[in-house]
Amino acid sequence: AVGKADLDHHQQLIEVEHQLYGIDEPTMKKLVLRAVNLANNHFDPAKFKRTVAATYQKPASAPATAPTSDQASTAGQLTHKDQLLLASVDKYAPVDFLQSMKEQTGGFVTASERHILTHLLADVKLNAAVINILSWYVIADLGNPTLKANFVDAIANSWIKAGVHDGQSALLQLKAFNRQKAA
């Protein structure tokens, strides 16, 4: 078994992977155990990242869902389509959400995109719904084939300055930006 000191030392990595992929505790335990270096009985963070990425390379597609009444009542400026999008971004981990979009267009999540999503979660500290709206905007709305780090960082930076904190505020910020661009 892996030592508590190893787990404590790599707690942030484990938590980021949990948020990025939406991994439950029993599954995370198995993934951590698979990442133990058998030669020295220590947790191997690089092996852990590879194991998690390989395990979650092709998640199941997400079904469309209806918005909750709470979302509908607070989303006066949002269309029904926007509300459906908000309902789905709140339910899926960033990699699952991006993979689902990529499957619809015949693409796949690249290693660079996984790194960008990890950066947004771990370093920028955006929540999963905001990251999912950002991914949707770049891939589905703008029609880009991949997430590009500089472009994504620019959007994330402007959203942080604007006080974006959840999926709804991210979507409202996009609408404001598009109105400004059109004017």
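Some ground rules. Residues are numbered from 1 along each chain as its sequence is written, and side-chain values use heavy atoms, with hydrogens and water left out. In this predicted model, local features need pLDDT of at least 70, side-chain atom pairs count only at pLDDT 80 or more, and totals for chains, interfaces and linings use all residues.

The overall picture. The protein has 11 helices and two strands. Helices here are DSSP runs of H or I with at least four residues, strands are runs of E with at least two, and both are numbered from the N terminus. The order is α-α-α-β-β-α-α-α-α-α-α-α-α from the N terminus on. Of 183 residues, 42% are buried. Buried means under 20% relative accessible area, exposed over 50%, partly exposed in between, with a 1.4 Å probe and protein chains only.

Now α4, residues 45-55. Which residues of α4 are buried? Phe48, Thr51 and Val52. An α-helix has 3.6 residues a turn, so residues three or four places apart point the same way.

What do the buried residues of α4 pack against? They meet α2 (11-21), α3 (25-34) and β2 (42-43). Contact means heavy atoms within 4.5 Å. On the face turned away from the buried side, α4 carries exposed Arg50 and Ala54.

Last, the N-terminal end of α4. Asp44 caps it. A side-chain oxygen of Asp44 lies 3.2 Å from the backbone nitrogen of Ala46.

Conventions. A polar contact is a pair of N or O atoms within 3.5 Å; within protein, one must be able to donate a hydrogen and the other to accept it, and residues adjacent in sequence count only if both atoms are side-chain atoms.
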